[in-house]
Amino acid sequence: MQFVKRVISAFMSIDTSQFSFLLLAVWILVMYGHSMTPADISSEESGWVLILAENLFEIAGIKAQWLTEYMIRKTAHFCEYCIFGILLMYHLKHRPKRRYGHRELEMGQIYPIMLAVVFVPFVDETIQLFIAGRSAQITDVWLDMAGSCFGILLCQIPVMLGIQARRRRRRRRRRW
């Protein structure tokens, strides 16, 4: 019981930067866990999701004869890494402040992002080389990187809209 209290109090004292890092690390482990799933179990999971998707399309009145297990798998790859990109940006946004208190995405932050976007999918596919019935595919690495970039871009849309809104406000002030 004392151990549980210590764990809970330690978790409650985590600041946002530590929490964001922990969240990112757990998500990477979840992705790697999916890669460690043997082919037959992974195929069962994809088949279940395929049936679910077909039923949802049928309810919506759409024939889903075109939907395949391959499409489900690739969509899962993309979505998994889209979430990774979002969590990566969340972590970078909540990192500890630097010297001048700036948290904006600086040029020096682009390199770790690029490294993570390339390295994590590469390791993910490498893990699959050692799992029964699985194989590594370069197309999956590209798809994973595209998903990560899409997640990063999703996080940048509000930032870009905010910058444009500030510019509009400044222009209005100058006109007066």
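I'm taking contact to mean heavy atoms within 4.5 Å. My helices are DSSP runs (H or I, at least four residues), numbered from the N terminus.

Ground rules: this is a predicted model, where local features need pLDDT of at least 70, side-chain atom pairs count only at pLDDT 80 or more, and totals for chains, interfaces and linings use all residues. Residues are numbered from 1 along each chain as its sequence is written, and side-chain values use heavy atoms, with hydrogens and water left out.

**Entry 1: α3 against α4.** I looked up who touches whom. From α3, Ala 39, Ser 42, Ser 43, Ser 46, Gly 47, Val 49, Leu 50 and Ala 53 meet Glu 69, Ile 72 and Arg 73 of α4. The two helices pack at an angle of about 100°, with their axes 9 Å apart (axes are lines fitted to C-alpha atoms over the stretch in contact, and angles run from 0 to 180 degrees between N-to-C directions). So α3 is roughly perpendicular to α4, a label for angles of 65 to 115 degrees.

**Entry 2: a salt bridge.** I then checked Arg 73, whose side chain meets that of Glu 69 in a salt bridge (3.5 Å, N to O). The term needs a side-chain nitrogen of Lys or Arg within 4 Å of a carboxyl oxygen of Asp or Glu. Both residues sit in α4, four residues apart, about one turn of the helix. I find two salt bridges in the structure.

Key:
Angles under 35 degrees count as roughly parallel, over 145 as roughly antiparallel, 65 to 115 as roughly perpendicular and the rest as oblique.
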